[in-house]
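Colleague: I'd like to learn how to read salt bridges. Could you walk me through some?

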Amino acid sequence: MAEKDVIIIGGGLAGTATAFYLAQDGVSVTLIERGGLGGEASGANAGSLHAQIPADPFRHLGEAWARQFQPALTLYVESLRMWGSLEAELGTDLEIKFGGGLMVATSESEMAELARKAEIERAAGLEIQLLTREETRRRAPYLADRAIGGAFCPQEGKANPLLVAPAYARAATRLGAEILSAQGNATITREATHYTVTANNQTHRARRIVIAGGTGTPALLEMLGLQLAIQAFPIQVSVTEPATPFIPPLVYCAGEKLTMKQTRIGSVLIAGGWNAPIAPRGRPVVDSDSLASNLALACAVVPGVASLTLLRTWAAFVNGTADWLPILGPLPGSPGAFINYVPWLGFSGGPAAARALADMVQGRTPSVAADFAAFAPK
């Protein structure tokens, strides 16, 4: 039974990035993934690199919530900065493009919400430009006339989610990390000074473990006698045939459930958090009513997509917490055990969260600027 410094459970963006940063620091690591690398939320999301406060929780949870959420904004700002150099660091093309993010308003009340939200975002380091109808029309002529303004953040962008976790894993392997995929469900046993992890009839041992299991996190925590208030929400995403580029930025709606972006090859990804049902085996499946509503809204906001052929729609889980805050750091009552769990905006925040957690695992102050006390597991 080989012993490493750290065992990571979970081969999505959170786990593979943590493995890379630990290996970069000379820490010996084994990563164990039950399926394929990036095979769940990390590879099934729409690839948004965004940090603006989502309009829906701002409207329903209020400004007091948004100010409590501010430490997460700071983390996402730092993560977007890291995304800017990630291709060079990992030595591969991730289809990263920073074309900005435009949150579109269709009423004066939505514009007022964007203005209040912008104050909190700017305090956390986001660059937010509030646009009039005329400025929006000049910047985004592809929008329907219903758009009366918006909030533009030049720091936002997009990447190909299918490429990122595998790229982190390859880079970690080059640095000496052991990456094991298709291992099935892992079991954790806590000993006096070590943790033993068993998967695929193999046993692994380390003094420290990192739980980065995404939707599988609750079951892993249960083995340590812990429960945290985390959830998985089933949503769906659609993609069209390639078209001549006409939507440069990431586009959101301030008042309705819609996100849109155009990939490098010209396909348009359409999402926004529309619910998907869960099949008897526990996997999310596409809901035709949600699909119809999502596509109708997309056509109403960006009429140019109406002529495109829809190629595929898929459903997947997204990680969530009620307060939208990440959960990062040492697990209470389990010395040497850590968690890396970034809800809702996990793709955007993944690099910074992983870099910070790698520091914590080594007993160091995180090198990422954020208030990590706000993310401590409770």
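Colleague: How far apart are the closest N and O atoms in the salt bridge of R355 with D359?

Modeller: In general, a salt bridge is a side-chain nitrogen of Lys or Arg within 4 Å of a carboxyl oxygen of Asp or Glu. Here, R355 and D359 form one with their closest N and O atoms 2.8 Å apart. Keep in mind that this is a predicted model, where local features need pLDDT of at least 70, side-chain atom pairs count only at pLDDT 80 or more, and totals for chains, interfaces and linings use all residues. Residues are numbered from 1 along each chain as its sequence is written, and side-chain values use heavy atoms, leaving out hydrogens and water.

Colleague: Where do R355 and D359 lie?

Modeller: Helices are DSSP runs (H or I, at least four residues), numbered from the N terminus. Both residues sit in helix 11 (residues 346-361), four residues apart, about one turn of the helix.

Colleague: Are R355 and D359 buried or exposed?

Modeller: Buried means under 20% relative accessible area, exposed over 50%, and partly exposed in between (1.4 Å probe, protein chains only). R355 and D359 are both buried. They also belong to a network of salt bridges that links them with D25 and R364.

Colleague: Which residue does E63 form a salt bridge with?

Modeller: R67, with the closest N and O atoms 3.7 Å apart.

Colleague: How many salt bridges does the structure hold?

Modeller: It holds 16.

Technical notes:
Helix = DSSP H or I, 4+ residues; strand = E, 2+ residues; numbered from the N terminus.
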